[in-house]
Amino acid sequence: MHRIATTAPLAPIPARTRWAVAAGVGAALAAAWWLGDTAPYPYAQRGILDVPLPFLTADRMDAVLQPRPGERMLEIGPGTGLQSLHVAPQLGPEGRLDVLDVQQEMLDHVMCRAERDGVATIRPTRSDARELPYEDGTFDAVYAVTALGEIPEPERVLREAARVLASGGRLVVGEFFDRHWIPFGRLHRLADAAGLHLTERRGPSLAYLARFRPCAAHAPGHQRGRLARGDRGTNGHPAR
């Protein structure tokens with residue numbers, strides 16, 4: 001008579017071990033996301049660019065950027081066009097939105113969506129944002145949402161943005177926490193060095209929108225116009 005061998009039941013895994021394994025997996029996934037977040041953002045991962053971000057909503061963007069009919073604006077790093085297709089219609093048929101990116105695939109994607117939606121006032125340009133291919137004082141506004149931190153030498157981008165802004169124009173920067181995020185304090189210092197002063201900020205440092213204008217020293221006569229318009233900072237006092 002043969003004895004049938006039996007398998008001893010497995011001992012339960014201690015809760016501490018389960019938590020340790022889960023934490024390790026989570027850390028590995030976070031590291032993969034962090035290290036895999038390359039710049040410029042790869043077109044193959046474009047789907048995530050259409051996900052609205054907390055604190056960087058369309059309503060907040062409108063409140064800070066203040067698009068108006070007939071204006072000409074520049075968007076740096078449009079991605080798949082989430083902001084482009086929202087802003088361009090607000091400029092009306094007499095307005096124009098230029099979109100600039102180093103990746104032709106992104107520009108093609110934006111233009112395909114614009115054609116599908118019947119938006120005919122977007123003009124694409126493939127170029128480096130550190131050397132904008134536009135004349136001085138071309139734009140009423142320039143904006144970059146979750147794009148500035150992906151560009152090497154953001155201080156050069158800010159100087160170029162200030163150069164192409166018309167007198168009294170405005171620059172809006174939106175940043176959201178990721179590997180290339182620019183904390184608000186650093187952005188403020190870079191903007192000061194580029195001759196731009198803060199007029200409004202919305203959201204915490206991890207996810208914010210900030211509006212700047214050229215300083216008076218860099219735009220003769222601007223200071224008087226700014227005070228007449230009553231531009232104010234986030235604390236209700238005239239922005240400095």
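## Close-up views of the predicted model

**Figure 1. Phe184, a buried aromatic residue.** With a relative accessibility of 9%, Phe184 counts as buried, as residues under 20% do. The structure shown here and in the following views is a predicted model. The charged end of Arg201 is placed over the ring of Phe184, at 4.2 Å from the ring centre.

**Figure 2. Aromatic ring pairs.** A pair of aromatic rings is described by the distance of the centres and the angle of the planes. When rings are paired if their centres lie within 6.5 Å, the count comes to 3 aromatic pairs. In one of them, the ring centres of Phe177 and Trp181 are 5.2 Å apart and the planes stand at 70°, so this pair is edge-to-face. Phe177 is partly exposed at 36% relative accessibility, and Trp181 is also partly exposed, with a relative accessible area of 21%. Phe184 and Tyr208 likewise form an edge-to-face pair, because their ring planes are at 80°, with the centres 5.4 Å apart. Phe184 belongs to helix α6 (residues 184-193) and Tyr208 to strand β7 (residues 207-214), so the pair ties together parts that are 24 residues apart in sequence. Tyr208 is buried, at 0% relative accessibility.

**Figure 3. The largest nonpolar core.** In soluble globular proteins, nonpolar side chains tend to be buried together. The largest nonpolar core here holds 31 residues, of which Val142, Leu171 and Leu187 touch the most other members. Two or more residues each come from β1 (72-76), β4 (139-145), α5 (154-164), β5 (165-176), α6, β6 (196-202) and β7. The most is given by α5, which supplies 5 residues. Beyond its neighbours within four places in sequence, Leu171 contacts Val142, Leu158, Ala161, Leu165, Leu196, Ala210, Arg211 and Phe212.

**Figure 4. Strand β7 and its two partners.** Of the 8 residues of β7, 8 are buried, so the strand is largely enclosed by the rest of the structure. Ala207, Leu209, Arg211 and Arg213 point one way from β7, while Tyr208, Ala210, Phe212 and Pro214 point the other way; all are buried. Strand β5 pairs with β7 in the antiparallel sense over 6 bridges, and Glu175 has Tyr208 of β7 as its bridge partner. The pairing of β6 with β7 is antiparallel over 6 bridges, with His197 opposite Arg213 of β7. In the hairpin of β6 and β7, 4 residues lie between the strands, and Gly203 takes a positive phi near 100°.

Figure 5. Strands of a sheet pair through backbone hydrogen bonds, either parallel or antiparallel. In this model, 7 strands form an open sheet of mixed pairing in the order β3-β2-β1-β4-β5-β7-β6. The edges are held by β3 (122-126) and β6, each with a single partner strand, so one side of each is left without a neighbour in the sheet. From one strand to the next, the twist averages 20°. Strand β1 runs parallel to β2 (residues 96-101), and 5 bridges join the two. Glu75 has Val99 in β2 as its bridge partner.

**Figure 6. Helices α2 and α6 against the sheet.** Helix α2 (residues 58-65) lies across β1, β4, β5, β6 and β7, and runs at about 15° to β7. Helix α6 packs on the sheet, where it touches β5, β6 and β7, and its direction makes about 10° with that of β7.

**Figure 7. The protein chain as a whole, for orientation.** The secondary structure comprises 7 helices and 7 strands. Starting at the N terminus, the elements follow the order α-α-β-α-β-α-β-β-α-β-α-β-β-α. The protein chain has 240 residues, and buried residues make up 41% of them. Among contacts between residues at least 6 apart in sequence, 71% join residues at least 24 apart.

Terms used: Residues numbered from 1 in each chain as written. Heavy atoms only, no water. Phe/Tyr/Trp six-rings, centres within 6.5 Å; stacked < 30°, edge-to-face > 60°. Buried < 20%, exposed > 50% of the residue type's maximum accessible area, 1.4 Å probe, protein only. Lys NZ or Arg CZ within 6 Å of the ring centre and 35° of its normal. Core = buried A, V, L, I, M, F, W, Y, C linked by side-chain atoms within 4.5 Å. Contact = heavy atoms within 4.5 Å. Pairing = 2+ DSSP bridges. Axes fitted to C-alpha atoms, helices over the stretch in contact; angles between N-to-C directions.
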